[in-house]
Amino acid sequence: KELRNAKGLSQLQMQLLTGNNQSDDSKIENGTRTLSFSQCKHIALALDASMDDLAGLTDQPEPYPRAKQ
């Protein structure tokens, strides 16, 4: 939630960026639902953050360099 707010995004905007259900996102932010790997990946991409940061494994919010697609 802190990262989403820091980026100035609403839950609805996150839903549009990630494809996640707004209700699921709310539960994830409140800690009543866990993330799937796919959801975590989509949220990290939308917030330009690392999955490690989302999981609380690092204090560095910057993502690793993205793979060329």
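**Terms and cut-offs in a predicted model**

Reader: Why is threonine 58 called partly exposed?

Author: Threonine 58 has a relative accessible area of 25%. Under 20% counts as buried and over 50% as exposed, with partly exposed in between (1.4 Å probe, protein chains only). The value of 25% lies between these limits, so threonine 58 is partly exposed. The model is predicted: local features need pLDDT of at least 70, side-chain atom pairs count only at pLDDT 80 or more, and totals for chains, interfaces and linings use all residues. Numbering runs from 1 along each chain as its sequence is written, and side-chain values use heavy atoms, without hydrogens and water.

Reader: Where does threonine 58 lie, and which residues does threonine 58 touch?

Author: Threonine 58 belongs to the segment after H5; helices are DSSP runs of H or I with at least four residues, and strands are runs of E with at least two, numbered from the N terminus. Beyond residues up to four places away in sequence, threonine 58 touches Ser50, Asp52 and Asp53, where contact means heavy atoms within 4.5 Å. Glutamate 2 is 56 residues away from threonine 58 along the chain, with 15 Å between the C-alpha atoms.

Reader: What makes aspartate 53 buried or exposed?

Author: Aspartate 53 has a relative accessible area of 16%. That value is under 20%, and aspartate 53 is therefore buried. The residue is placed in helix H5. Apart from neighbours within four places in sequence, aspartate 53 is in contact with Leu3, Thr58, Gln60 and Pro61. Proline 63 is ten residues from aspartate 53 in sequence, and their C-alpha atoms are 8.3 Å apart in space.

Reader: Why does arginine 4 count as buried?

Author: Arginine 4 has a relative accessible area of 9%, which is under 20%, so the residue is buried. Arginine 4 is part of helix H1, residues 2-6. When neighbours within four places in sequence are set aside, the contacts of arginine 4 are Leu9, Ser10, Gln11, Met14, Glu29 and Leu47.

Reader: Why is serine 10 called partly exposed?

Author: The relative accessibility of serine 10 is 31%. This falls between 20% and 50%, so serine 10 counts as partly exposed. Serine 10 sits in the loop between H1 and H2. Between serine 10 and asparagine 20, ten residues apart in sequence, the C-alpha distance is 13 Å.

Reader: Which residues make up the largest nonpolar core?

Author: Five residues make up the largest nonpolar core, namely Leu9, Met14, Ile43, Leu47 and Ala49. A nonpolar core is a set of buried Ala, Val, Leu, Ile, Met, Phe, Trp, Tyr and Cys residues joined through side-chain atoms within 4.5 Å. Methionine 14, one of the five, is in contact with Arg4, Leu9, Gly19, Asp25, Ile43, Ala46 and Leu47, neighbours within four places in sequence being left aside.

Reader: How many residues line the largest pocket, and which of them lie nearest its centre?

Author: The lining of the largest pocket has 14 residues, and Lys1, Ile28, Glu29, Ile43 and Leu54 lie nearest its centre. Two or more lining residues come from each of H1, helix H2 (11-18), helix H3 (22-30), helix H4 (37-47) and helix H5 (51-54). A pocket is an open set of points, on a 1 Å grid over the protein atoms alone, where a 1.4 Å probe fits, with protein on both sides within 12 Å along at least five of seven lines; lining residues have an atom within 4 Å of a point.

Reader: What lines the second largest pocket?

Author: There are 13 lining residues in the second largest pocket, with Lys41, Leu45, Met51, Arg66 and Ala67 nearest its centre. The elements giving two or more residues to this lining are H4 and H5. The largest share, three residues, comes from H4.
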